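Morning, everyone. Let me put the model on the screen, and then I'll walk through it.

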Amino acid sequence: MTRPWANSLILLVALLGCAGGHALAAAPSLDAERFFEAKVRPLLVAKCQDCHGPDVSEAGLRLDSRGALLQGSDAGAVVVPGEIASSRLIRAINHADDMAMPPDEKLSDDDIATLEQWVSIGAPWTGPEAESAGLPSRAEAMAERITTAQASHWALQPPVRHPLPPLPDDLPAKLRREWATSPVDHFIAARLHAEGIAPAGPADARVLIRRLCYDLTGLPPTAEEADAFAANPSEVAYRELVDRLLASPEHAEHWARHWLDLARYADTIGYAFGGQSAKYPYAWTYRDWVVQALREDLPYDRFVTLQLAADQVQPAVPRDDLAALGFLTVGRTFRGSRNDIIDDRIDLVTRGLMGLTVACARCHDHKYEPIGTDDYYALHGIFASCEVPDELPVIGEPPQGAEAEAFAKKLARLQQNLQEHEAAVYDRVVREAVSHAADYLFEVVQPAARPDGRPPKLADGYELEQLIIGRLTRLLRKAKPDHPILGPWVSLSRLPEDAFPAKAGELLAADTGDGSTGVNQLVGQELRSASPKSLRELAEAYGRLIARVAGETAGAVDGEDEAPAVVALRRLFGEPGTPFIVLRSEAMRLAKRSEQDEYRRRKRLITKHQAEVPGGPPRAMVLEDTKLVDSPVFLRGNPGRRGDVQTRRLPTVLGGTVVDRSKSGRLDLAQAIVAADNPLTPRVLVNWVWTQHFGRGLVATPGDFGLRGEPPSHPALLDDLAFRFVEEGQWSLRWLHREIVLSQTWRQTSQPQPETLDRDPDNRFFSRSRRRRLSWEAWRDSLLAAAGTLDRTARGGPGSDPLDAKHITRRTLYSWLDRQDVPGMLRTFDVANPDTAVHVRPQTTVPQQGLVALNSPLVVEAAKQVAARSAREVGEQGSPADRITALWRAVFARSPTDPERAMAQAWLTQQEGEGNGDFGPWPQLAQALLATAEFQYLD
Amino acid sequence: MPMNMLPAHATRCSRRDLLTRSGLGLGWLAASGMLHTDAAGGVETSLGTLAPRAPHFPARAKAVIHIFANGGPSHLDTFDPKPKLQEYAGRAIPGALQTERRTGAAFPSPFRFSQHGESGLAVSELFPSVARHADRLLVVRSMRADVPNHEPSLLLMNCGDGRLVRPAAGAWVTYGLGTENQNLPGFVTMCPGGYPISGTANWRSAFLPGVFQGTYVDTKKKRVEDLVECIQHPLLDAASQRRQFELTSALDREHLAGRRHDPQLEARLATMELAWRMQFEAGEAFDVSREPKHVLDRYGDTPHGRQLLIARRLVERGVRYVQVWHGAGQPWDSHSDLEKNHRKLAGEADRPIGALLEDLVGLGLLDDTLVLWGGEFGRTPTVELPNDAGVKTPTGRDHNHHGFTVWMAGGGVKGGEVYGATDEFGFKAVDKPVHVHDLQATMLHLLGLDHKRLTYRHSGRDFRLTDVHGRVITDWLA
């Protein structure tokens with residue numbers, strides 16, 4: 001093939017010499033320009049830019065402009081203009097190293113030649129992408145982004161108190177009076193007015209009390225409570241009701257469940273390998289701590305601080321507060337993958353508490369937000385400096401009595417079983433290592449072939465251990481020929497095979513055997529008596545020496561213990577940490593698979609015992625500071641490719657302060673999150689609480705307050721609430737709930753004014769209340785409430801099966817959840833994904849929910865109980881009409897209307913004489929009520 | 001529900017479309033405006049979330065049946081013959097690679113290969129019924145994955161990532177396309193006798209809404225009411241339940257009448273109707289006893305026979321994504337006694353797969369149904385050495401992620417073709433290697449979805465099945 005460019009190129013290269021590319025790039029010659037356009041650019045477009053272009057930039061490399069080309073990849077420069085040999089790009093296209101590009105099909109020889117020529121003449125570029133100057137570096141670009149965001153992004157500005165907007169003039173007098181009290185209403189009314197929307201007006205008393213009870217406690221009012229409020233729906237009565245509900249334990253339980261969504265709470269580690277237990281025996285102590293904290297209305301700043309650093313606050317907290325650390329530790333364990341565990345914690349803390357999507361910066365600087373990989377790995381270091389200890393601290397007394405004694409006794413036995421197994425494995429590992437000492441020595445000098453990259457397996461089935469080979473190699477490498485013990489080995493093992501017998505004899509003869517030559521006496525004796533003729537025999541002689549001071553046969557040197565030669569030999573080969581006497585802690589690493597399985601099995605029995613057998617003391621799922629480290633950046637998130645080490649510190653956008661070097665930094669992080677000048681935390685919290693109350697946040701993306709999140713619909717209101725939450729409310733969640741549920745905005749009816757449907761179709765201006773389906777928990781709890789089986793004394797402790805239809809007595813909060821296998825029924829009702837911080841659950845309406853209402857054993861059992869309850873309540877003298885009323889009141893907290901009662905009676909008559917065993921007409925009627933929309937939805 | 005609950009390309013089907021599809025003609029439903037999406041923070045009905053949606057571009061396939069030979073079937077004994085192994089029998093092969101455990105000498109396949117169909121495709125004696133469809137198969141012999149371990153490889157194959165919590169392909173596809181039959185789940189996963197390794201993670205929806213998660217069915221069970229949760233009332237007969245349902249409906253209509261315009265409430269009533277119908281339709285779809293005897297005989301009355309027949313019945317009824325696992329745990333994991341084990345496993349799977357392909361052709365469904373067969377990886381051409389993990393004799397093969405085979409049929413892929421190749425021993429994909437992400441990208445492409453555009457916003461970034469990888473292999477398209 002003719003190469004029209006070749007000649008002129010040779011000329012070009014000759015002319016340029018090694019002038020480098022920059023001058024040339026500024027003004028490429030005509031030839032270079034034609035060459036680039038005709039040959040190079042098409043090649044880059046066709047073969048490179050799919051993966052290294054504007055859409056995808058694998059390894060951080062783009063090949064669509066000269067600036068990007070020169071900036072290189074995450075790992076540095078890829079092209080040095082004018083220098084083929086130092087340009088990684090050229091090595092890659094030649095498939096010279098592991099990095100072979102394009103990965104699937106090598107370029108043709110012609111194409112490779114083209115790119116080599118191009119680099120050799122300085123990688124000239126033409127057109128608008130030729131500019132290489134003026135492109136800011138990554139660090140500069142990120143610094144600028146951070147400065148801009150800090151100056152102008154709404155969520156990063158300190159919240160301030162806003163003057164209350166006046167109520168609109170055209171508000172009817174009654175509404176004006178009602179809406180005048182709450183600051184919330186002023187902001188909402190002003191905005192409604194600006195949009196030309198009239199508020200929907202107040203909900204009626206029964207709707208209001210039902211909504212209030214569910215919102216604050218997750219449970220329905222009783223019929224009596226609803227009647228009483230309907231009879232006297234005064235402001236005073238309403239406020240009393242609010243205060244009573246906020247003070248109730250049910251309130252703490254209900255909002256604990258919301259918080260557990262954010263804390264991605266579940267009772268298992270996720271996937272467990274065969275033989276490993278998936279259960280967290282004590283996750284429930286964290287759940288119970290949250291309930292208790294909310295019962296006490298622990299201020300939110302304290303609430304957060306304890307969850308990140310209860311072990312570090314001063315003065316020290318009572319031990320039961322250590323359970324707060326479960327926030328960090330109840331997550332998935334990703335089959336032990338440490339960096340994924342840390343990532344989960346970083347996401348939880350940053351996105352969960354501050355709406356910052358920091359976890360995106362694990363692999364590259366955030367694409368949109370002011371967060372760099374340096375920020376991510378600065379936080380990574382904080383969590384890399386902590387661990388969950390093997391033994392969790394006890395935070396309470398075990399229950400008294402025989403049960404506890406039996407628990408402790410069994411536990412001690414199980415722990416002893418584990419220790420015995422460990423000891424037996426250790427003994428075997430050491431015994432076999434020592435008895436194969438000669439083989440190890442031989443292997444170090446003459447390594448066997450490793451076709452599969454692993455240490456060899458010996459004829460007797462023993463597999464040499466890399467750990468021991470490595471340790472022995474390092475020991476021997478350090479030894480000099482005059483070493484008393486290893487000297488002879490060092491000298492002799494280097495002899496060529498054919499010269500061995502003669503040379504070895506010579507060398508050994510030189511030793512007088514009394515230690516005067518510097519050779520250890522035992523070694524001298526052994527070698528003289530063995531008089532090795534080969535490396536193998538030499539190794540065996542040393543093997544015997546080692547056996548004398550190590551392992552079981554060490555007793556063979558009885559009586560000589562005091563001899564310095566023995567002491568020296570033992571120090572080298574007979575003590576833990578020497579090559580053959582591995583440390584106890586290393587034993588399981590060298591165990592056979594069957595031994596490891598047995599170890600896990602015995603360990604699992606302990607976890608299972610602690611998780612399932614009552615009688616043990618509660619423990620806190622703590623995190624503790626361990627070895628303090630700073631983490632390097634992992635390029636592209638790959639731990640094998642390290643960048644600069646990042647000092648443990650807060651994200652730059654939050655000031656970037658370096659943490660206390662004497663600790664992991666969790667406490668500093670916690671304090672920064674709840675610091676008075678942190679603009680994000682109070683906003684995120686206020687918005688989160690608002691979202692649960694209204695079904696929609698003032699910020700519609702409650703987990704993303706970044707540049708790409710939704711801006712707030714009512715910025716001044718959000719600001720005002722966030723500001724007052726801290727200043728007036730002193731971080732009290734109960735204060736915040738009151739602010740919201742006492743507002744008229746929240747008390748509106750869900751029936752819209754006809755004309756508002758056009759102006760506010762999705763209710764983003766809060767022109768009415770939002771109709772809602774009960775959550776899974778509230779719905780199941782309501783079944784219990786209707787059935788009259790809810791046990792209000794059974795609070796706390798290990799969880800139970802939420803789908804067990806036979807025991808429907810405990811609130812759903814106290815059920816047990818396997819994050820690896822969330823039951824389909826719970827999924828159907830949109831429970832939060834327990835693998836990530838969830839600020840608001842999705843809400844779907846699907847036919848599977850209908851199937852549950854129609855057929856699930858849970859509903860069927862509840863229906864039987866509701867029917868039985870109604871029979872009990874009306875007694876034997878009660879008429880069917882009375883019993884119908886009792887049913888209605890149990891299920892709907894109201895009496896039936898006359899037509900409803902008549903309909904039910906007619907229906908019952910129709911069922912007469914039908915079979916269906918113990919699921920007769922009354923349970924059927926009860927189930928029909930439980931399956932209605934009225935039972936499951938809130939107006 | 002945030003706006004992003006549906007993919008950006010989602011277009012609403014017309015109400016009449018929907019009513020036709022769901023078979024409902026209820027006046028109040030039609031008048032309810034139930035297709036309304038309450039865009040932010042509001043409600044999405046299943047009729048919206050699971051309603052059929054137009055793909056990004058015209059699709060070649062409408063449905064997927066993924067037959068998962070979990071545990072890692074040996075490509076060397078099924079679809080990738082390596083005569084060279086005979087030559088090296090009992091000797092070490094050059095360039096052996098590291099896998100999970102130690103392996104030794106070359107292990108020639110104990111099974112006979114022969115050529116089939118006009119294409120002359122090589123298939124071993126293990127799959128005679130599948131081989132009858134040789135001219136419809138696209139055999140990809142150059143698959144590769146990342147690591148030689150089950151858990152990450154299963155998750156990579158199903159969810160596009162070996163470690164992190166990501167939605168399964170079936171969830172992505174249902175999210176992207178909805179499903180054709182509102183009376184059945186859009187994504188069904190069947191496994192007899194329990195879960196495969198990694199369990200429900202293989203079909204989870206992760207951060208996608210829960211409705212997109214695979215519905216698990218234990219096909220070891222035979223009775224319909226045991227197969228599908230809550231499909232039948234545990235105590236009531238159908239007539240009594242009908243009367244009970246009518247009462248609930250009457251109360252609900254009354255409730256609705258007192259409340260002006262509320263799409264969510266209307267949708268709730270509509271879904272109750274659908275649930276009512278689902279009891280019968282799902283019951284019917286999963287009930288293979290309704291098939292004539294000669295059909296049942298062709299599939300065989302085994303868990304595999306039943307579940308592949310169910311797969312056909314589901315796809316016939318418009319289910320989008322069906323996954324069929326060989327069995328609980330990792331049945332194809334033949335570390336030892338490979339000859340015996342593979343013969344038994346193939347013996348269970350071959351006949352019903354052949355019957356399925358035959359039926360799909362006969363019903364005209366194969367053209368727009370993509371059938372995918374394969375495991376999470378293949379096996380080594382070298383023999384696994386005895387070890388204390390339970391391998392007593394050198395009679396099996398270790399895991400091999402460096403190179404393995406999957407095959408596809410229908411759904412717009414070429415037939416009677418082999419794509420790519422492993423080295424002469426079958427250890428590593430060397431010619432036209434295909435990463436699992438590429439397979440996923442191409443599968444989405446066949447379904448009319450651009451794997452780079454099928455995204456979901458979560459934690460501040462747009463996620464996709466193929467993460468930042470994957471390329472569409474246009475050579476596969478018919």
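One definition to start. A residue is buried if 20 or more other C-beta atoms lie within 10 Å of its own, exposed if 12 or fewer, and partly exposed in between, with C-beta atoms placed from the backbone. Now the ground rules. This is a predicted model: local features need pLDDT of at least 70, side-chain atom pairs count only at pLDDT 80 or more, and totals for chains, interfaces and linings use all residues. Residues are numbered from 1 along each chain as its sequence is written, while chains are lettered from A and ligands numbered from 1 in the order in which they are written.

First use of that definition: Gly300(B). With 16 C-beta neighbours inside 10 Å, Gly300(B) is partly exposed. Where does Gly300(B) sit? In the loop between helix 11 (293-299) and helix 12 (303-316) of chain B. Helices here are DSSP runs of H or I, at least four residues; strands are runs of E, at least two; both are numbered from the N terminus. Contact means C-beta atoms, placed from the backbone, within 7 Å. Setting aside neighbours within four places in sequence, Gly300(B) contacts Gly305(B), Arg351(B) and Pro352(B).

Chain B overall. Chain B has 14 helices and 19 strands. Of its 478 residues, 60% are buried. Take contacts in chain B with a separation of 6 or more: 77% of them join residues 24 or more positions apart.

Next, strand 7 of chain B, residues 187-190. Phe187(B) and Thr189(B) point one way, Val188(B) and Met190(B) the other, and all are buried. In a regular strand the side chains alternate between the two faces of the sheet. What about partners? Strands pair if DSSP finds at least two bridges between them. Strand 7 pairs in the parallel sense with strand 9 of chain B (residues 321-325), over 4 bridges. There, Phe187(B) has Tyr321(B) as its bridge partner. Strand 7 also pairs in the parallel sense with strand 8 of chain B (residues 215-217), over 3 bridges. Met190(B) stands opposite Val217(B) in strand 8.

Another sheet. This one is open, with 3 strands of chain B in the order 3-11-12, and the pairing is antiparallel. Strand 3 (103-106) and strand 12 (397-400) are the edges; each has a single partner strand, so one side of each lacks a neighbour in the sheet. Strand 11 (residues 378-384) and strand 12 pair over 3 bridges. In that pairing, Arg379(B) stands opposite His399(B).

Over to chain A, for one helix pair. The axes of helix 10 (residues 205-217) and helix 12 (residues 235-246) of chain A come within 10 Å and cross at roughly 25°. Axes are lines fitted to C-alpha atoms, for helices over the stretch in contact, and angles run from 0 to 180 degrees between N-to-C directions. Under 35 degrees counts as roughly parallel, so these two helices of chain A are roughly parallel.

Last, the interface. How many residues of chain B touch chain A? 74 residues of chain B are in contact with 74 residues of chain A. Helix 10 of chain B gives the most to chain B's side, with 11 residues.

Notes
Contact = placed C-beta atoms within 7 Å. Parallel < 35°, antiparallel > 145°, perpendicular 65-115°, else oblique.
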